[in-house]
Amino acid sequence: MSVNIEGLSSQQLAELIALASKRKKILAKRKPAAQVKAAVAKFLKNTGWTFEELYGKAGARAAAPAAKSPAAPKKGRKSTKGRSLGKVAPKYRNPANPKETWTGRGRQPRWMAAETAKGKKQEDFLIK
């Protein structure tokens, strides 16, 4: 990060110096990362856990909250791009135009939205 200090007033420079001093003090109090990693590894070994059991594969993602169950990690949805989901039979039909149907997937068609806005229920349009 670079800051152009040429355009700053003396008050802005003083504020910047004060912020930098605070940050420097905070960083000086921190222990080196290698020392903290060693302490964490020792603690985990003493408790019988491994890092992977608690947080998943190291470096694969940010650390998850400890409240999540390590036995059942949450997996993301696979992408549907490039694969066919298959045809689905329509569930709803427009009574005004029987050629207009809807499977119930995706966004509601305009005719269905207009009819439900008038007070009808989706069940009224079910194909029997």
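This report walks through the fold, the surface and a few side chains of a predicted model.

## Ground rules

The model is predicted, so local features need pLDDT of at least 70 and side-chain atom pairs count only at pLDDT 80 or more, while totals for chains, interfaces and linings use all residues. Residues are numbered from 1 along each chain as its sequence is written, and side-chain values use heavy atoms, with hydrogens and water left out.

## Overall layout

The protein has 4 helices and 2 strands, and reading from the N terminus the order is α-α-α-β-β-α. Those elements are DSSP runs numbered from the N terminus: helices are H or I with at least four residues, strands are E with at least two.

Of the 128 residues, 9% are buried. Here buried means under 20% relative accessible area, exposed means over 50%, and partly exposed is in between (1.4 Å probe, protein chains only). As for contacts (heavy atoms within 4.5 Å), take those with a separation of 6 or more: residues 24 or more positions apart account for 20% of them.

## Surface and a nonpolar patch

The accessible surface comes to about 11,700 Å², and carbon and sulfur atoms hold 56% of that. Areas are from the Shrake-Rupley method with a 1.4 Å probe, and for residues only the protein chains shown count as cover.

Val-3, Ile-5 and Leu-16 make a nonpolar surface patch of about 220 Å². Patch members need over 30% relative accessible area and no salt bridge; nonpolar side chains (Val, Leu, Ile, Met, Phe, Trp, Tyr) are joined within 5 Å, like charges within 9 Å. A salt bridge, for the record, puts a side-chain nitrogen of Lys or Arg within 4 Å of a carboxyl oxygen of Asp or Glu. Leu-16 sits in helix α1 (residues 10–29) and is partly exposed, at 32% relative accessible area.

## Aromatic pairs

Searching the whole structure turns up 3 aromatic pairs. One of them is Phe-51 with Tyr-55, a tilted pair at 4.9 Å centre to centre with 40° between the planes. The rule is that rings of Phe, Tyr and Trp (its six-membered ring) pair if their centres lie within 6.5 Å, with planes under 30 degrees apart called stacked, over 60 edge-to-face and the rest tilted.

Both residues belong to helix α3 (residues 51–55), and because they are 4 residues apart, about one helical turn separates them. Phe-51 is partly exposed at 35% relative accessibility, and Tyr-55 is partly exposed at 24%.

## Glu-115

Glu-115 lies in helix α4 (residues 110–117). At 17% relative accessibility, Glu-115 counts as buried. Setting aside neighbours within four places in sequence, Glu-115 contacts Lys-120 and Phe-125.
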